[in-house]
Amino acid sequence: MENKQWVTFFSQTGAEIADIAESLGRWPDRIYTNERPEDLRTVDPRIEKQGYFILPNKPTLEDYEEFLIYFPKALITLHGWLRIMPPEICEKFEIYNGHPGLITEYPELKGKDPQIRAFEGKYPVAGAVIHKVVAGVDEGRVLMEERFNTHNLKLDDLFRILRDRSLHMWHNFLHKVL
């Protein structure tokens, strides 16, 4: 049986994609990012080596369709993709997002930087989810979640644990579906 095509998007460093690919022993078929000034981010050297494609900073529906035409049945994953996917793309493709906020328990953590909001709000429990991508921000059905107690954690510890838990979830999820 042939592997399912896998396409990924990132807006930051791409390190999560590289870590997942190495743990799976398989790289995505295509990696996309958006245009950003070099002083705002450094792309992980493993992504640089693997190669990636650049979309405009604020891609249009036409931009997505032009790039995804070659992957009509691909599984698409978002890893720090700081853009809203157009509803037409959400309906046409199987897309999943990792979110570093426990939105199953704290829906107010939907959107950008939930880790910081959870830390500053002194939430007793933190976590990460993988959810289906739909037209609304972090509104899709949650497929997996990881949670942990935040008692006495520093912000750096919270970030590290969320990253580790997210990588674990992504590995398990993608191992099953690819």
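Visitor: What joins the side chains of Glu94 and Lys4?

Guide: A salt bridge, at 2.7 Å from N to O. The term needs a Lys or Arg side-chain nitrogen within 4 Å of an Asp or Glu carboxyl oxygen. This pair links distant parts of the chain: Glu94 sits in strand E5, Lys4 in the segment before E1, 90 residues apart. The whole structure holds 13 salt bridges. This is a predicted model, where local features need pLDDT of at least 70 and side-chain atom pairs 80 or more, while totals for chains, interfaces and linings use all residues. Numbering starts from 1 along each chain as its sequence is written, and side-chain values use heavy atoms, without hydrogens or water.

Visitor: In what order do the strands of the open sheet run?

Guide: The order is E3-E2-E1-E4-E5-E6-E7, 7 strands with mixed pairing. Strands (E, at least two residues) and helices (H or I, at least four) are DSSP runs, numbered from the N terminus. Pairing takes at least two DSSP bridges. E3 (53-55) and E7 (142-149) are the edges; each has a single partner, so one side of each lacks a neighbour in the sheet. Neighbouring strands are turned by 20° on average, direction ignored. Axes are fitted to C-alpha atoms, for helices over the stretch in contact; angles between N-to-C directions run from 0 to 180 degrees.

Visitor: In which sense do E1 and E2 pair?

Guide: Parallel: E1 (residues 6-10) and E2 (residues 30-34) share 4 bridges. Thr8 stands opposite Ile31 in E2.

Visitor: Which strands does helix H3 touch?

Guide: H3 (residues 61-68) touches E1, E2, E3 and E4 (75-78), at about 160° to E3. Contact means heavy atoms within 4.5 Å. Helix H6 (residues 155-177) lies across E1, E4, E5, E6 and E7, at about 150° to E7.

Visitor: Which residues lie nearest the centre of the largest pocket?

Guide: Gly80, Trp81, Leu82, Gly98 and Pro100, out of 36 lining residues. A pocket is an open set of 1 Å grid points, for a 1.4 Å probe, with protein on both sides within 12 Å along at least five of seven lines; lining residues have an atom within 4 Å of a point. H6 gives the largest share of the lining, 4 residues.
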